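I opened this model to look up a few helices, a surface patch and some backbone angles. My entries follow.

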Amino acid sequence: MLTFKNYNIADWFSFYRIVAAPFLLLFIWLDYRLIFSWLLLISYSTDAIDGYLARKLKISSPRGSQLDSLGDQITLIVGLIGLYIFETDFIKTNLILIALVFIPYLIQMLIAYFKYGKATAFHTYLAKLSAIMQSVFILFSLFFYIEYTLFYIMIIVGLLETFEEITLIVMYDNWVSDVKGIYWAFRDKRRLKKKV
């Protein structure tokens, strides 16, 4: 049975991002852009910390990977809501381009839930790069101004990452965590296991 005492330190950093989300939404609603931006920066920082700790302390687990992915998804959604509220004109101007990335992402999520009953937690190199680009773009936009070069890089990397995730879902019959990318998937013995 899973209880809070079973969580390790890396899990708690992931859990923080989930718990912080309602408070971030509150600061959006109160129109406290600067406080929201700083707290969002802290949430994004915990994403880097939990992964580092899990690897360094050798406490990686499928549960931790899933918790990390959930925290990432919630933080991304809250960040996008904040960007929409505080930079509405930018979002409206670029809605088609944003949808071009977001719709395949939603399709990938649906495929994963249909096949595995839960979200993926592959944590590929491309996914990590995409998460970094998203956080850099959102935070830069909130603290400073909209930088279109960052925006376009984020869009391209996001699309590549989504298509890689879909490819990996097709490749793996069973849910697995921590696959570095398609190249590594071909050499992964877990991919060859039959679905039970």
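Predicted model: local features only at pLDDT ≥ 70, side-chain atom pairs only at ≥ 80, totals over all residues.

L25 sits in helix α1, which covers residues 9-29.

I then asked which residues form a nonpolar patch on the surface. The patch consists of L25, I77, I81, Y84 and I85, and together they have about 400 Å² of accessible area. Helix α3 (residues 62-86) contributes four residues, the most of any element.

**Helix α5**

I checked the length of α5, which runs over residues 95-116 and has 22 residues. From first C-alpha to last it reaches 31 Å, close to the 32 Å expected at 1.5 Å a residue.

I listed the buried residues of α5: V101, P104, Y105, Q108, M109, A112 and Y116. An α-helix has 3.6 residues a turn, so residues three or four places apart point the same way.

After α5 comes G117, and I read a positive phi near 80° for it.

I looked up D31 and found a positive phi near 65°, in a residue other than glycine. D31 belongs to the loop between α1 and α2 (33-56).

H123 also has a positive phi, near 55°, and is likewise not a glycine. I place H123 in the loop between α5 and α6 (125-143).

Are these two residues buried or exposed? D31 has a relative accessible area of 53%, so D31 is exposed. H123 has 16%, which is under the 20% cut-off, so H123 is buried.

Technical notes:
Residues numbered from 1 in each chain as written. Heavy atoms only, no water. Helix = DSSP H or I, 4+ residues; strand = E, 2+ residues; numbered from the N terminus. Expected span 1.5 Å × (residues − 1). Buried < 20%, exposed > 50% of the residue type's maximum accessible area, 1.4 Å probe, protein only. Patch = residues over 30% accessible without salt bridge, like charges linked within 9 Å, V, L, I, M, F, W, Y side chains within 5 Å. Areas by Shrake-Rupley, 256 points an atom, 1.4 Å probe, with all protein chains shown as cover. Salt bridge = Lys/Arg side-chain N within 4 Å of Asp/Glu carboxyl O.
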